[in-house]
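I open this notebook to record, entry by entry, what I looked up in the structure shown here.

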Amino acid sequence: MSVPTDLKFTKEHEWVRIEGDTATFGISDHAQEALGDIVFVELPEVGRSIDAGEAYGVVESVKAVSDTYAPVAGEVIEINEALESEADLVNSDPYGVGWIIKVKISDNNAETELMNPEEYTEFLDE
Amino acid sequence: MRYLPHTNTDRQAMLHDIGVNNIADLFADIPSEFHIELGSMNLPEGLSETGIVRKFTKAAEKNRHAGNTRCFLGGGTYHHFVPAVVDYVISRGEFLTAYTPYQPEIAQGTLQALFEYQTMIARLTGMEVSNASMYEAATATAEAALMARRVTRKTRTVIAGSVNPRYRTVTENYLSRLEGDFVEVGMGKFGTDLSKVIAEIDNKTACVIVQYPDFYGSVYDLAPLREACDAHKCLMVVAFSDVSAFGLIESPGAYGADIVVGSGQALGIPMAYGGPHLGVFTCKKKYLRQMPGRVCGLTTDADGKRGFVLTLSTREQHIRREKATSNICTNQGLMCTAAATYMTLMGDAGLATIAEHSAAALDLLVSKLPSHVVAASGAHYNETVLTFESGDKRDAFIAEARKQDIFAGIPLEKFEKNIEPKHLLVATTEMIEEDDVNELIAAMEVAA
Amino acid sequence: MSENKYSATSGIQQEEPLLFEHAHEAPESINLPGVKGEVSSDLAAFKRKTPANIPGLSEPETVRHFVRLSQWNHGIETGFYPLGSCTMKYNPRVNEQIARLPGLAHVHPDQPEDSVQGMLGLLSELQGWLAEIAGFSDVTLQPAAGAHGELAGLMMIRKCLDARGEQNRKKVLVPDSAHGTNPASAALCGMYTVELKSGADGRIDLDELKKHLDDDVAALMMTNPNTAGTFETDIKEICQLVHDAGGLVYGDGANLNALVGVARPGDMGLDCLHINVHKTFSTPHGGGGPGAGPVAVNDTLKPFLPVPRIVENDGVFSIETEDEQSIGTILSTLGQSGVYMRANAYISAFGHNHIHQIAQDAVLNANYVLSKLKSVYHVPFEGLCKHECLLTDEWQNKHGVKTLDIAKRLIDLGFHPMTVYFPLIVHGAMLIEPTETESKETLDSFCDAMLEIAAQCEAGDTQALHDAPLKPIRRRLDETQAARKPVLVWEG
């Protein structure tokens, strides 16, 4: 799967798309591949404040489980409710309909170290 | 040694194939200072099969038991009917000697029985889902309290003083190493005063735990508790000691309980001096992912046929490790099979019959009490507290009953410290016949 | 193809619906001589408004239903069950018989002490024997399972450290090869775990251990032999290092079968050890319990043992329910007494004169299997093993065959698979534990099957492996479907 160029990535294999003061989070194609068939996504409540690097949810496959960490700090403004009944959207379209939450960015300075797609690809090759 | 199939010739041949000279070589990696002299352990000499039977028969004969006495003991364990079929089914080697069903293709028997157990126990307690059991009722209660903390992300636990003191103690012990308050609400009577419990609920409360029927056998209306829990967004946890009650009285689920826990020992499982019993754990479906313990779920196989697997295992310790919902690894699988067999034999009608007999025996007992013995007031299922004029009078009665091979009840101070020693916790089941009640009453009169 | 060499065949197994699907009116209710009478008016107000909808079947139908289900299972009585770390040994039938004696099975836990002296004697005797076999000074029978024993052990360690004024010690070191229950139990005790990376030989690496030993360390939790089936030869030094740093050593007794009667963990410096009597002392696993996890302790931890406790005075047994230093109570009752009757009977049968043969034959069998298979399956850690041997699928991976395929193929040949994908430190792990109650003939047959599978891989004849199992009543089951849309109760 090609990596969209407007995304940034973390070492925990999360992606973030920043549009104005809104950020959308998800997990990378590599992460969904490594987890296998995803069966459940635990979503945070709308309105919750999350620090950069904080675990905000959980992605589960049959045999593995992984916390999801916020690439940037913010307040949750929307969750992908479709995942509640169709967790496999994260497998089939991790950068599209498989997004996880949207936050209103609260502090740009509190970003974790983010990689651009080229850097992330290199990181994966290491 | 008859459990060991090898001849010495076998052993020699195997050692040769391994490429060592003797058995000791296989233990050479253990530092020699830790080798003990073989045969030197302080154990008796090995027994033959007849020797084992003789030894245990002799020990068993030193005990009195429900078969040669009349047993009015309760407090969490009850002498109910154990049908021969139940014991037969769980004696079958395919159920008895199987491991946890991790290879589902060759464990469909255990798995379907678990699924049937989960379905029936959920229906009996009036709940949406069940796990495949916990060790027993006290630890199940503690696990319910832990689960409520995860669901609500709050840490305060409120528990009614009319919950079995052993469930309270174990729950408090489990929670004592974690942050958060543990509040026990004194009842001031042998029953449950919900208003006192409700008064203790606040917005920091993760759950409130009550027992129904309570430790004293008292049955009461749970509806006000549901409202109070909703008002404070806390979970309503209902414990019970004798699941047979729900063949007759309204289930905790019907009152809107979020989690229901208790003992399923009444479902065809012998008392066995405290275990193995069956810990029941049922809850609302929306809390499923926070539920502790193993669960069995329905699925299909490669040919599209219906089958069963253990599922939602990412909640469990072997995957989630320190973040697991519980450290629990085993369930009481064989006891689930026993309970499933029992419930199948009984059906709604049989379960109702068992419960009616149990309740009727208590009614009869209470109706015949001499004037110097007082039973707790209000609705009771099959257990109540009798109060005597003095401790001496109570003890004289217990002693007189023992002479007639009757275990009359459990002195309440055995459960509750600091209580005046003149109360007796008395339970009845379908195994108590009218003559048994009459003889108990007669002993009361003799000892008066 | 030489399937006739193995025991598996295509016999008749009956399909059996869920009992809810039996189109059947509830039969006549049971008839018991209990007290009859109307429900009292007080209680009548609380009567159930709708029945629970439990379908009753007649007795013959019930028997047939559950017997058919039982026939879909593989048990130790059916065939070889080499599940590593689980110690699936023969469960003697006489143990079932004695546990059902009415004087043991129908005893109420709150009967007066004078009416249960026989039961208390058997439990007390077992307590002493377990202490002797494990090399400790005392034992609690209260824990209902291994993980429950871990909790009890860690609670005692916590209390002991608190008594020393070391409330700040909260770090529990756990090797990365450990059972998942270890970190989960530590979390329940308000402690946190730090994983120790295993050395190249799969054992605890002393330098790695030293790196983590500091003033925060509460305990090291270790399994010996470890989950790779090898003995921790540095055990004495490991315990010494932890003790010097102010911590205690918790032993996971899952692998005690390798040592019974030959060596004692208590002599090696451990402070406590939980014992899985359903493993080492042959109480039946029951399809996932009941088990029991008694904990043996040394003098350091003895004051903190749970209550209630059995006490003996001049041959008379009583139950002590209070003790200020105790960690308190962790179960409704003394313990799973019925399970302990069987464990007592197992040890009774061996006695001091045969008890060491448990470990000897268990270790002999594991090494025999290892010697037969090591030329065709990759062995991650060289050398002798203890009671179980560890292989991987590395050499079969080249042919596109994985551990799971090998496991499922074994089913078609009549064997229960070994433990797969554990320990986690080895990729594609296959952990084989034959136990002492298997014959050379059975081991040879199993090894032949394993060799044949490896040969099929080499020959590129792998379809049967990917398709397996074909013979059981169900084929591979869809775990993803089960987890995505959980159906835990029948809605029909």
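Predicted model: local features only at pLDDT ≥ 70, side-chain atom pairs only at ≥ 80, totals over all residues.

I began at the end of one helix, where α5(B) is followed by Gly126(B), a residue with a positive phi near 75°. Residues are numbered from 1 along each chain as its sequence is written, and chains are lettered from A and ligands numbered from 1 in the order in which they are written.

I then checked the length of α5(B), residues 108-125: at 1.5 Å a residue its 18 residues should span 26 Å, and the end C-alpha atoms are 25 Å apart, which agrees. The expected span is 1.5 Å times one less than the number of residues. I also noted that α5(B) is mostly covered, since 18 of its 18 residues are buried; buried here stands for 20 or more other C-beta atoms within 10 Å of the residue's own, with C-beta atoms placed from the backbone.

Next I looked at chain B as a whole. I found 13 helices and 15 strands in chain B, and a C-alpha trace that spans about 80 × 55 × 50 Å along its principal axes. Of the 448 residues in chain B, 62% are buried.

My next entry concerns two helix pairs in chain B. The axes of α6 (residues 137-152) and α7 (residues 165-175) come within 8 Å and cross at roughly 45°, where axes are lines fitted to C-alpha atoms over the stretch in contact and angles run from 0 to 180 degrees between N-to-C directions.

For the second pair, the axes of α11 (residues 333-367) and α13 (residues 434-447) of chain B come within 10 Å and cross at roughly 30°, so α11(B) and α13(B) are roughly parallel to each other. Ala361(B), Leu364(B) and Leu365(B) in α11(B) meet Glu434(B), Val437(B) and Leu440(B) in α13(B), and these residues divide into 5 nonpolar, no polar and 1 charged. Contact is counted when C-beta atoms, placed from the backbone, lie within 7 Å.

I turned to chain C and asked where Glu436(C) is found. Glu436(C) lies in the loop between β12 (429-432) and α14 (440-458) of chain C, and is buried, with 26 other C-beta atoms within 10 Å. Leaving aside neighbours within four places in sequence, its contacts include Leu4(B), Lys89(C) and Asn365(C).

Last, I recorded how chain C meets chain B: 168 residues of chain C are in contact with 171 residues of chain B. Helix α10 (residues 337-354) of chain C gives the largest share of its side, 12 residues. By class, that side of chain C has 84 nonpolar, 60 polar and 24 charged residues.

How values were computed: Helix = DSSP H or I, 4+ residues; strand = E, 2+ residues; numbered from the N terminus. Buried ≥ 20, exposed ≤ 12 C-beta atoms within 10 Å, placed from the backbone. Contact = placed C-beta atoms within 7 Å. Parallel < 35°, antiparallel > 145°, perpendicular 65-115°, else oblique. Nonpolar A, V, L, I, M, F, W, Y, C, P; charged D, E, K, R; others polar.
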